[in-house]
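Here's a quick walk through the model on your screen. Have the sequence and the 3D view open side by side as you read.

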Amino acid sequence: MLEEGEMEAPSEPGNVERPAYPRGDKVWLRAYEREDIDAFLEGANSIDTGSAAGYDGTMGRYHAEKWVEKRPQEGHGHGSWYWVISPIGSREFIGTIWLWNGDGRFGGMELSIFVRASAGHGKGIGTDAIRAALDFGFGNTETERIWMFTMASNTRSQRAFEKAGFRRDGVIRHLARLNGQWIDGVLMSILRGEWEADERPRSWDYIAAASSPATGASG
Ligand SMILES: CC(C)(COP(=O)(O)OP(=O)(O)OC[C@H]1O[C@@H](n2cnc3c(N)ncnc32)[C@H](O)[C@@H]1OP(=O)(O)O)[C@@H](O)C(=O)NCCC(=O)NCCS
């Protein structure tokens, strides 16, 4: 039951008059809500998603609650953006994607993502979400460079980022220790000029089409 003055969150980007959500062809990026904690926790602690995305598998509910309460609130919109990935037409939590710069040692912004295994990997969801975040990053800030790093063995992730226009900067040897073994990392990035040269529909093209009274398209 909504309190007086509270607005119901739109269930999809197409159902508000001038939607401002970053979106792609398949997914839209929305703010974290308290209801997302269980799904976030499950993804963060999963070997299929969280481990590959850099979580160490020991996030507890208290930690997740504090994170969802504080980090998006304090960081979101202040040089960092933290979104939930939802399918167009739904608010289901199928993943998370951030533009941020954790320790500020590299310029530009880091892009971090996981898509829940239950949503299905290899179906284009990750690439679509990465593109939407890139459109937001390059379209709404002055950043020159957006980068990621992942384990060298994480070839699916590298392929998704490559499809979204990232190129390999190099290998970071023995970046971290995992399960008793040293593992190499791969650093990839996309520069503003490369994003500009990528001729594909932008996030705002999908938004415009979805809200166009001429086409009546809903996404
Ligand atoms: C990385 C991730 C976000 C990509 O999302 P996704 O929805 O699976 O990505 P896409 O379907 O858009 O693209 C994956 C591509 O890798 C390919 N692929 C799948 N398994 C692969 C493998 N083992 N090796 C190489 N490529 C692989 C897919 O076929 C697809 O390429 P294609 O379209 O040319 O066929 C998702 O897999 C994930 O959450 N992984 C765990 C967390 C993680 O690794 N995060 C990134 C760290 S920064």
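A residue is called buried if 20 or more other C-beta atoms lie within 10 Å of its own, exposed if 12 or fewer do, and partly exposed in between, with C-beta atoms placed from the backbone. Keep in mind that this is a predicted model, where local features need pLDDT of at least 70 and side-chain atom pairs count only at pLDDT 80 or more, while totals for chains, interfaces and linings use all residues. Residues are numbered from 1 along each chain as its sequence is written.

**Overall layout**

The protein chain has seven helices and seven strands; these are DSSP runs numbered from the N terminus, with helices being H or I of at least four residues and strands E of at least two. Starting at the N terminus, their order is β-α-α-α-β-β-β-α-β-α-β-β-α-α. Of the 219 residues in the protein chain, 34% are buried.

In helix 1 (residues 37–44), the buried residues are Phe40, Leu41, Gly43 and Ala44. They sit on the same side of helix 1 because they cover an arc of only 165° around the axis, the arc being that of the directions from the helix axis to the C-beta atoms. Those buried residues pack against helix 2 (50–53), helix 3, strand 3 (95–100) and strand 4 (109–115); a contact here means C-beta atoms, placed from the backbone, within 7 Å.

Helix 3 (residues 61–75) bends by about 30° at tryptophan 67, going by the angle between axes fitted to the seven residues ending there and the seven starting there. After helix 3 comes glycine 77, with a positive phi near 90°.

**Around the ligand**

Which residues come nearest to the ligand? Of the 22 residues around it, they are Ala52, His121, Gly126, Thr127 and Arg159, where being near takes a C-beta atom, placed from the backbone, within 6 Å. Helix 5 (155–163) is among the elements that give two or more residues to this shell, and its five residues are the largest share.

**Glutamate 144**

Glutamate 144 lies in the loop between helix 4 and strand 5. Why is glutamate 144 partly exposed? Because it has 13 C-beta neighbours inside 10 Å. Here is how it relates to glycine 108:

| Separation of glutamate 144 and glycine 108 | Value |
|---|---|
| In sequence | 36 residues |
| In space, C-alpha to C-alpha | 6.2 Å |

Leaving out residues up to four places away in sequence, glutamate 144 touches Gly108, Leu191 and Arg192.

How values were computed:
Two residues are in contact if their C-beta atoms, placed from the backbone, lie within 7 Å.
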